[in-house]
Every structure is written in C-alpha cells, then in structure tokens.
Amino acid sequence: MSKQALETDGYAGPVAVFDGAECAQILSSLRAATGRPRAWFKGWAASSPAFHRVATDPRILALVRPTLGADIVLWGASLIIKAESDIHPFHTDVESMAPEGGFVTVWIGLEHTDRSSGLKFIPGSHRYGVTLQELNHRAGVARDASTDETTLAAARQYDPAARIVQPEVHDGEALVFDGRAWHGSHNKTRAVRTALLLQYARADRPVNMPRTFSWPIEFHRSKRPPVVVVSGKGRRDRNRIVPAPRGSRALGNAIFQLPSATLRPEQRFTSFPHLWGRTPTLIDVEGHSSILAPGANPHPLHQHIEEEILVVVSGSAELHVSDDAAGSANAERVRIGPGDFAYYPAGTHHTLSNAGDTPLLYTMLKWVNYGKPADRRAAGRAIIRSGETLRSAAPGIGAPLWQERTRWLRRLHAHVSVLAPSEGYAPHADRYDVAMLLLTGRVETLGREVSAPALLYHPAGAEHGIRAVGAEPARYLVFELEGRPGPLAALARLQHRLANRRRG
Ligand SMILES: [Fe+2]
Ligand SMILES: [Fe+2]
Ligand SMILES: [Fe+2]
C-alpha cells in the first residue's frame with residue numbers, strides 16, 4: 001500500500017490482508033466477543049481480546065505505521081454491519097476531523113464485501129480543511145437529504161474536478177483512509193455486509209468522544225474515550241490510556257465433528273472454525289479445519305506469534321516452510337499424507353498446497369501463551385510422519401511420536417493411541433490441555449458417540465474419558481499442550497486435584 005496515495009487521495013487500497021479462512025475465523029471470534037465495548041460503541045479494542053488481537057495483527061499495523069510513525073494508539077474498534085440497501089451517507093469521522101491529521105482508519109471487509117457494498121470516497125477531500133457535516137449544515141442539507149449529488153456539489157466548491165470513487169474491494173481486503181476524508185457507503189448487494197473498522201491515531205493526538213453527531217459537533221469534556229497503545233509508547237498527557245484486554249472466552253471440553261472432504265465445483269478453499277479461547281494453561285488457542293481443492297493453497301507464506309500444528313486428515317499436502325517471507329532462507333518443501341503432522345514454531349513462515357488430485361482436508365491448532373518466551377532453546381520446526389504408525393499400531397498401544405519444549409509451552413507432546421473395541425480410559429483430568437484427532441473408528445466420550453474424523457479438546461483440569469465403540473479399533477493422534485505456570489495454571493492444578501479426588 002502506498003503512503004503516497006493516502007497523502008494525495010486521503011485513502012489507499014484495497015490491500016489483501018486476510019485469506020478466506022482467516023475472515024471466517026475472525027468473524028466468528030468477533031461475533032462471539034462477550035461483554036460490552038468499553039465506554040462507548042467503538043470501545044471494543046479496550047474490552048475484547050478478540051478485537052484487540054486482530055487490531056494488533058502485524059499486517060495491519062504495517063499499513064498505518066508509515067503514516068503514523070512508531071507510537072500508535074487504537075481508539076476505535078467495531079464491527080460495521082450493513083443490511084441490504086442500507087445507506088451510510090457521506091461524512092467525515094468527527095473524532096478524527098482535526099485539521100492537523102494524524103488519524104488513520106483501516107476498514108476490512110469480512111463478509112459479502114464487494115464494490116457495491118464497500119466504501120466510497122471523495123479523493124483529496126481530507127485536504128479541504130472542512131467537514132462535510134459543516135458544509136451540509138451551511139447549505140441546509142439534512143442528513144437524510146444528503147446524496148452523492150449534494151456531496152459532489154459541496155466538494156466542487158473546493159475542487160472543481162471532485163469525483164466519487166468506489167474501490168473494487170473483496171472480503172479480507174483493507175481500505176485505509178485518512179480520518180478527515182469524506183466517505184460513505186450504500187449496500188447495493190442482496191446480502192448483509194460485515195466489515196471491521198479499526199481506528200488508529202498518532203500517540204500525541206488527543207482523541208475526543210463526540211456528544212452530538214450533527215453540526216456543530218460537541219465533544220464530551222470530561223469523558224475521554226479509552227485508547228490502547230498498539231505500537232511504541234502512549235502519551236498519558238494526551239489520552240486516557242487503558243491496558244490491553246486480556247483473557248478471551250474460557251473453553252470447556254468440546255467435540256468437533258470434522259466436515260467431509262468435499263467442495264462445490266467452483267470452490268477452491270473453505271474453512272470450519274472449531275474453537276477459539278483461553279484454557280487454564282493457554283492464553284489463547286484456536287483450531288479449525290480446512291478443505292483445499294487440488295493445486296490450491298490457502299494463503300501465501302505467512303507467519304504469526306502463535307505456534308501451530310497442522311495435521312493432514314485426508315489427501316496429500318505439500319508444505320512450504322521457510323525462515324523468511326521470500327521463501328528462500330532455510331526453505332523446505334515436503335509432502336505429507338493422512339495422519340502426518342507438522343509443527344511450526346512462532347515466527348516460522350509457512351503455507352501449504354494440495355499436492356493430490358482429491359480435496360485435501362486438514363486440521364490446525366495454534367496457540368500463544370502468557371509471559372516472555374522461553375529463553376532456553378525451544379524446538380525448531382518439525383515434520384512428523386505419524387500416519388503409518390497410526391494405521392499400523394496394534395490396539396492397546398500408545399506409541400510416542402515426538403516431544404519438545406517450545407516457545408510457548410514447557411512441553412508439547414504427541415503420541416498415537418489405538419483402542420480396541422470397548423477399550424478406553426475412565427474419566428480423569430489432566431494437568432495439561434489435550435487435543436485428540438480421531439482418524440479411524442468410533443468412540444464414546446463426554447456422553448456422546450463420535451465417528452472419525454473428529455477433534456476432541458479437553459482443557460487442563462476438565463474431566464474426560466473415552467471408549468472405543470463399534471467393530472473396528474479407534475485410532476487417534478494425541479497432543480498434550482502443557483503451558484507454563486501462571487495465574488491460570490494454579491487454577492488448573494486445583495481443578496485437577498478436585499476431579500481426581502472425586503473419582504478416587
Ligand atoms: Fe465513517
Ligand atoms: Fe499459520
Ligand atoms: Fe486424558
């Protein structure tokens with residue numbers, strides 16, 4: 001994205017930020033955000049870890065940093081939902097209308113975004129030095145009566161060549177705009193369009209909360225909007241700085257039936273979110289399954305602060321892993337099949353493609369934890385060919401596969417488990433989170449019968465048992481995620497002790 005465009009036109013983009021799977025995950029996590037926005041309707045960044053997490057994504061911060069510099073605050077985060085034919089008339093965002101600038105907004109389409117549901121702008125209007133609301137007020141144009149025509153007429157007093165631009169934008173793409181630019185929307189599609197609005201400012205710009213939205217705009221004098229520092233340092237003399245929200249929704253025991261590995265003819269990729277939240281030993285864990293068409297890939301090489309495990313459920317994947325974004329440093333391309341898995345440490349660049357001629361179904365878990373990463377040597381990337389062991393191990397076996405200390409876990413352990421029919425484990429609780437990927441057979445767990453393929457997740461301290469039912473052995477991969485001691489780990493230990501006492 002060019003800083004130049006933002007300076008000249010007052011907006012830039014669209015820029016691709018999220019892939020389809022990420023849009024689905026983000027949307028489900030934002031919709032699941034509990035509680036209320038802090039202080040006002042734009043206050044989600046200060047109250048919801050899910051919003052805060054997206055707003056601090058390095059890919060988004062990279063869009064605003066060239067304009068705002070190193071010290072940046074986030075003062076607004078909200079989902080903007082527009083029903084079919086909803087109109088948001090042209091306007092200037094009043095919180096960020098100060099003539100000296102220093103405000104950048106990132107608008108990201110998440111669902112049903114296209115040109116006719118996205119934003120429109122008057123290029124260059126951020127430099128007129130006046131808000132459209134004031135001009136409309138002077139001309140006697142009421143908010144309801146404001147149209148593209150009245151807006152253009154107002155703009156042409158400042159720039160005879162003023163025009164309306166409506167960028168071609170799609171889900172996962174961002175439009176970045178100067179807080180002073182005139183913008184609006186009109187959802188002309190037949191669907192409800194959902195976008196994420198993230199509003200940033202230079203840390204030295206005071207942010208005010210409007211009391212009225214019609215001209216003349218009045219601001220609250222004593223009530224200040226909460227701002228969260230997202231880069232560098234904040235200024236307490238300019239803004240009401242609040243801490244970043246911590247701790248997303250607590251997860252309980254859960255069962256996720258995986259989808260069948262099929263796609264519609266035109267579909268290249270689809271994704272099914274399973275879980276997103278915190279557990280007693282992890283600040284944040286997320287899991288989903290995706291299906292890729294032959295030859296397709298879900299996203300270019302990417303990296304994140306979370307570490308990740310990817311298991312192929314069916315089909316054939318070619319993993320592409322590298323230490324740099326160009327895909328050249330210490331790069332590997334490896335083919336893996338059903339039951340095999342990969343571990344990517346935080347910061348490792350990775351992607352995959354479907355190397356087979358049938359749809360590829362894979363399941364992914366990624367997590368991040370409290371505190372500073374371990375300074376002791378943590379595990380590097382690993383590709384574990386567990387599929388053969390999984391298919392051939394005799395019932396009654398727990399075949400160890402791999403175990404390491406990682407950046408965010410004191411222990412990440414994987415093994416294969418094979419249960420003969422009617423064999424199993426009595427209810428118990430573990431000190432660590434357990435994720436199990438059932439790849440063959442049928443089990444009874446948590447009072448339900450579940451067929452492969454399925455993902456079972458048991459947070460530390462949550463009681464669970466399992467028994468194979470049906471005629472064939474149940475074969476599954478087990479991952480144990482043991483976080484570092486922290487305030488929540490103490491709680492996990494207590495729950496563990498209580499659960500095991502109840503049994504004994
Ligand atoms: Fe706006
Ligand atoms: Fe990833
Ligand atoms: Fe267990």
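Two residues are in contact if their C-beta atoms, placed from the backbone, lie within 7 Å. This is a predicted model, in which local features need pLDDT of at least 70, side-chain atom pairs count only at pLDDT 80 or more, and totals for chains, interfaces and linings use all residues. Residues are numbered from 1 along each chain as its sequence is written, while chains are lettered from A and ligands numbered from 1 in the order in which they are written.

**Domains**

- The protein has a domain 1 (3-241) and a domain 2 (254-503), with bounds that come from an automatic or database domain assignment.
- Between the C-alpha centres of domain 1 and domain 2 the distance is 38 Å.
- Seven residues of domain 1 and nine residues of domain 2 make up the contact.
- On the side of domain 1 that touches domain 2, two residues are nonpolar, four are polar and one is charged. Here Ala, Val, Leu, Ile, Met, Phe, Trp, Tyr, Cys and Pro count as nonpolar, Asp, Glu, Lys and Arg as charged, and the others, Gly among them, as polar.

**Helix α7**

- Helices (H or I, at least four residues) and strands (E, at least two) are DSSP runs, numbered from the N terminus.
- T151, A154 and A155 are buried in helix α7, which spans residues 148-155. A residue is buried if 20 or more other C-beta atoms lie within 10 Å of its own, exposed if 12 or fewer, and partly exposed in between, with C-beta atoms placed from the backbone.
- An α-helix has 3.6 residues a turn, so residues three or four places apart point the same way.
- The cover over the buried residues of α7 includes β3 (87-91) and α6 (132-139).

**Backbone exceptions**

- Most residues other than glycine have a negative phi, and most peptide bonds are trans.
- G13 and P14 are joined by a cis peptide bond with omega about 5°, and P14 sits in strand β1 (residues 11-16).
- Another cis peptide bond links A452 and P453, with omega about -5°; P453 is in the loop between β26 (448-451) and β27 (454-458).
- S85 is not a glycine, yet its phi is positive, about 70°. S85 lies in the loop between β2 (72-82) and β3, and counts as exposed because it has 10 C-beta neighbours inside 10 Å.
- L446, also a residue other than glycine, has a positive phi near 50°. L446 belongs to the loop between β25 (442-445) and β26, and is partly exposed, with 17 other C-beta atoms within 10 Å.
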